[in-house]
Amino acid sequence: MITIIGGGIGGLTTALAFEKHGIDYHIFEKAPSLKTAGAGIWLAPNALQVLDWLGILDKIAEKGNTIDRISVTNQDLSPLSDTHQGFVVDTFGFSTIAIHRAELQEILLKSIPKHKITLGKAFHKFEKATPQKIKVIFEDNSSTVTDTLIGADGIHSKIRKQLFPKSKIRYSGQTCWRGVADIKIDSDFEHRGIEMWGNQIRFGISRISDQKVYWFAVVTSKPNQKDNTTHLKNKLLEIFSKFHPIVHQLISNTMNDKIIRGDINDITPLQQWHTDTICLIGDACHSATPDMGQGGAQAIEDAYYLSHFINNEENTEIAFSKFQKKRYSKVNTIVKLSRRTEKIAH
C-alpha cells in the first residue's frame, strides 16, 4: 500500500497514474472539500501529454480554453514577444490549455474511486511502525500504517520538514493577486495568453471558459502583507492605472471575495527527495516561482515518471532513486530559469 499525502494537482495525478498501473494507494487530504480551490492555471503541452495518457484530456479541453498565441507586452499591449503556437502543436501535438484549478481538480477527483481518497484528514507526522512499515499520524490523533509514503503536500510540506529539517523556503520579493472575472472578453483575447510588463509590475490575462477570464497581478512587496478587502479593487486599479483598459475592465468585474493574494515563494533546491520508502513530489521538493508557467506541469510529469518507476521496480528505494535521477536536472533548471525571469520582469 502507498499512502499519498496531499490532494492537490500532484497528489491527484499521481493517484490516477497509480490507478492506471494497478498500484494500490490511498490519498489523504487535509481540506474537507476541493470544490473551490485556486484561480486559473496554464497546462503546457508536456502536462497535456500526460493527461492524454491518463485518458482525461477531452474533459479538460471541454472545460478549459486553448491558448493559440502567447504574448509578452508593454503595459499598453505593444508586443515585446508575440508567439503563435502552431509550431508547438506540430512538435508536441498540443497547444496550452488555460483552465480553472477547481475544474481541473474536480476532473481528477471524479476519475479516482471515492473509497481511495479521504478528505478532512490533516497530516501531523510519520514514524517507524516496524522496520518495513511506516506509521502516519494525523492531527486528530488517528493513524494508518503503510508500506510507502508519498509527500505531495506542497511547498509548505510537513513531510519535507520532517525528512529534511534544514530545507528552506525562499520568498521571491513578489506578491501576487489572482482573480477570475465573470466577463465575455473581446475576440482578440479569446485564445491568447498575455503578460503585460510595466514599471516593475506585471499583469497577466487568459480566458479559461466561455465567460470567465483568469488574471494575475504581480508587484514587489514585503512578505506577509494583508489587504483591506473594502478598498482592494481601488488599490489594484490605482497600481495598474497606466495599463491597457482591459486591466481596469477585468479587475472591476471580479468580486472582492474572488481576489486571492499570495506571496510568491520557491524552495532552495534539495539534494535529496527521498529517504528509505518516503518520497517527495511536485512543489514539496522542487517548487518554482510561476514565471515559467510550469509548476503544475512539473508535478504532473512527476506523477507519470514516479508511477512508471514504481510499476517497473520491485524495490521501492531503487524506484525513488531512478525517479529523482530522471527528474532532477529538468526541474532544477526550471527553478533557476523562473528566478531569472522574475528578476528581468521586476
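1. Arg261 is partly exposed, at 23% relative accessibility. Here buried means under 20% relative accessible area, exposed over 50%, and partly exposed in between (1.4 Å probe, protein chains only). The model is predicted: local features need pLDDT of at least 70, side-chain atom pairs count only at pLDDT 80 or more, and totals for chains, interfaces and linings use all residues. Residues are numbered from 1 along each chain as its sequence is written, and side-chain values use heavy atoms, with hydrogens and water left out.

2. Arg261 pairs with Asp227 in a salt bridge (a side-chain nitrogen of Lys or Arg within 4 Å of a carboxyl oxygen of Asp or Glu). Their closest N and O atoms are 2.7 Å apart. Asp227 sits in the loop between strand S16 (212–220) and helix H7 (232–239), and Arg261 in strand S17, so the pair ties together parts 34 residues apart in sequence. Helices (H or I, at least four residues) and strands (E, at least two) are DSSP runs, numbered from the N terminus. Asp227 is partly exposed, at 24%.

3. Salt bridges with shared partners join Arg69, Asp82, Asp188 and Arg192 into one network. The structure holds 21 salt bridges.

4. Arg170 and Asp266 also form a salt bridge, at 2.9 Å, N to O. Arg170 is in strand S13 (residues 169–182) and Asp266 in strand S17 (residues 260–267), so this pair links parts 96 residues apart in sequence. Asp266 is buried, with a relative accessible area of 0%. Arg170 is partly exposed, at 21%.

5. Asp210 and Arg207 form a salt bridge, with closest N and O atoms 3.7 Å apart. Asp210 is partly exposed, at 45%. Arg207 is buried, at 12%.
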